[in-house]
Amino acid sequence: MSDIILETRNLHCQYANGTIALQGISIAIKKGKKIALLGTNGAGKSTLLLHLIALLKPTSGNVFFKGKELKYDRTSLATLRSQVGLVFQDPDSQLFAPSVRQEVSFGPINLGLSKKEVKERVFSSLELSGIPHLADKPVHLLSFGQKKLVSIAGVLAMNPELLILDEPTASLDPQNSIEIMHLLNKLNEKGMTVILVTHNVDEAYGWADEIILMKNGLITGQGTPENILSQDQLLAENHLTKPIILEIFNSLQLAGYLTKNLPIPRTKEALLTLIQNNAAVKIH
């Protein structure tokens with residue numbers, strides 16, 4: 001059985017106004033992975049994710065979910081969207097119900113589940129998202145960060161196998177961003193495949209198993225965060241900067257405070273441990 005959950009082959013997209021958004025995108029996403037789709041504004045990231053959830057139909061090329069090519073009839077789309085969840089960047093474009101409980105209930109109700117099953121899914125999704133205390137709150141009274149969590153909980157109530165998020169930490173304060181990323185890690189630990197669309201290199205570097213780099217509707221790099229985000233020329237060509245953790249690590253090595261054969265740190269904690277264990281004496 002294939003370990004590929006989602007695949008695109010030679011995907012092209014040209015909008016009605018003539019704008020070419022995607023130019024032959026071919027990617028294969030493995031089950032259970034954390035994928036960061038990284039690029040500056042206008043790279044084609046959001047257009048690609050709309051194809052992955054079949055909200056856009058390609059000009060040419062194909063999209064496959066669990067080995068089957070996507071079809072665009074109503075029944076096929078309903079099946080796909082019960083298995084693949086999309087969380088938009090702006091929660092106000094996704095939320096519409098008066099209360100949090102009603103919002104999170106909407107998807108399961110439309111699946112035709114029993115009242116008991118709907119109640120169980122709502123409870124589970126709110127618990128997992130860390131917001132059970134908001135269940136009866138009016139959505140319009142929530143903070144932006146709370147709305148983000150409610151929009152995620154609403155998608156989780158559908159029990160998707162694959163979760164796609166467009167800039168989930170955009171406009172959030174640091175604490176809310178940490179909470180969102182912690183939630184995505186918990187979901188992945190439970191076996192969910194997660195695709196994160198972002199232009200934040202630090203976020204992508206510390207979180208992802210794999211980076212897919214995009215520019216002008218093309219894939220310009222794909223591989224591990226350590227490999228992709230350590231290439232100065234590649235980053236410059238894509239108008240991105242090196243992650244701060246990697247920048248500090250490289251600078252300490254160049255200055256002789258850390259040896260060249262150390263493992264590359266992905267987190268602040270890992271970097272601090274390396275410094276504490278290896279930087280007692282400057283190397284000459």
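Analyst: In this predicted model, Leu6 stands opposite Ile29 in S2.

User: How do you know that strand S1 and S2 are paired, and in which sense?

Analyst: Pairing requires at least two bridges between two strands. Strand S1 (residues 4-14) and S2 have eight bridges, in the antiparallel sense. The two strands therefore count as paired. Five residues lie between the strands of this hairpin, where Gly18 takes a positive phi near 95 degrees.

User: Which strands make up the open sheet, and in what order?

Analyst: The sheet is formed by four strands in the order S2-S1-S4-S5, with antiparallel pairing.

User: What makes S2 and S5 the edge strands?

Analyst: Strand S2 (20-30) and strand S5 (68-69) each pair on one side only.

User: How many bridges join strand S4 to S5, and what does the criterion make of that number?

Analyst: Two bridges join strand S4 (residues 60-65) to S5. The criterion is at least two, so this pair qualifies. The strands run antiparallel, and Phe65 has Lys68 in S5 as its bridge partner.

User: Why is Asn10 called partly exposed?

Analyst: Asn10 has 46% relative accessibility. Asn10 is placed in strand S1, and has a positive phi of about 50 degrees although it is not a glycine.

User: Why is His239 called exposed?

Analyst: The relative accessible area of His239 is 58%, and exposed means over 50%. His239 is therefore exposed. His239 is found in the loop between helix H9 (232-237) and helix H10 (244-254). Its phi is near 60 degrees, a positive value in a residue other than glycine.

User: What makes Ala170 buried?

Analyst: Ala170 has a relative accessible area of 17%. Buried means under 20%, so Ala170 is buried. Ala170 lies in the loop between strand S7 (162-166) and helix H6 (174-189).

User: Which residues does Ala170 touch, and by what criterion?

Analyst: A contact needs heavy atoms within 4.5 Å. Leaving out residues up to four places away in sequence, Ala170 touches Gln89, Phe144 and Lys148. Ala170 and Asn200 are 30 residues apart in sequence and 9.2 Å apart in space, C-alpha to C-alpha.

User: Why does Ser105 count as buried?

Analyst: Ser105 has 11% relative accessibility. The cut-off for buried is under 20%, so Ser105 counts as buried. Ser105 is placed in helix H3 (residues 100-110). Ser105 touches Val118 and Val122, not counting residues up to four places away in sequence.

User: What makes helix H1 mostly covered?

Analyst: Six of the eight residues of helix H1 (residues 45-52) are buried. They are Lys45, Thr47, Leu48, Leu49, His51 and Leu52. H1 is followed by Ala54, whose phi is positive, near 65 degrees.

User: How do you know that the radius of gyration of the chain agrees with that of a compact globule?

Analyst: For 284 residues, a compact globule would have a radius of gyration near 19 Å, and the chain has 20 Å, which agrees. The C-alpha atoms fill a box of roughly 70 × 45 × 40 Å along the principal axes.

User: What else describes the chain as a whole?

Analyst: The chain has eleven helices and ten strands. Buried residues make up 46% of its 284 residues. Among contacts between residues at least 6 apart in sequence, 64% join residues at least 24 apart. The accessible surface comes to about 14300 Å², with 53% belonging to carbon and sulfur atoms. There are 28 positive and 26 negative side chains, and the centres of the two sets lie 4 Å apart.

Notes: Residues are numbered from 1 along each chain as its sequence is written. This is a predicted model: local features need pLDDT of at least 70, side-chain atom pairs count only at pLDDT 80 or more; totals for chains, interfaces and linings use all residues. Side-chain values use heavy atoms; hydrogens and water are left out. The radius of gyration is taken over C-alpha atoms; the globule rule is 2.2 Å times the number of residues to the power 0.38. Buried means under 20% relative accessible area, exposed over 50%, partly exposed in between (1.4 Å probe, protein chains only). Accessible areas come from the Shrake-Rupley method with a 1.4 Å probe; for residues, only the protein chains shown count as cover. Lys and Arg count as positive and Asp and Glu as negative; His and the chain ends are not counted. The place of a charge is taken as NZ of Lys, CZ of Arg, CG of Asp or CD of Glu.
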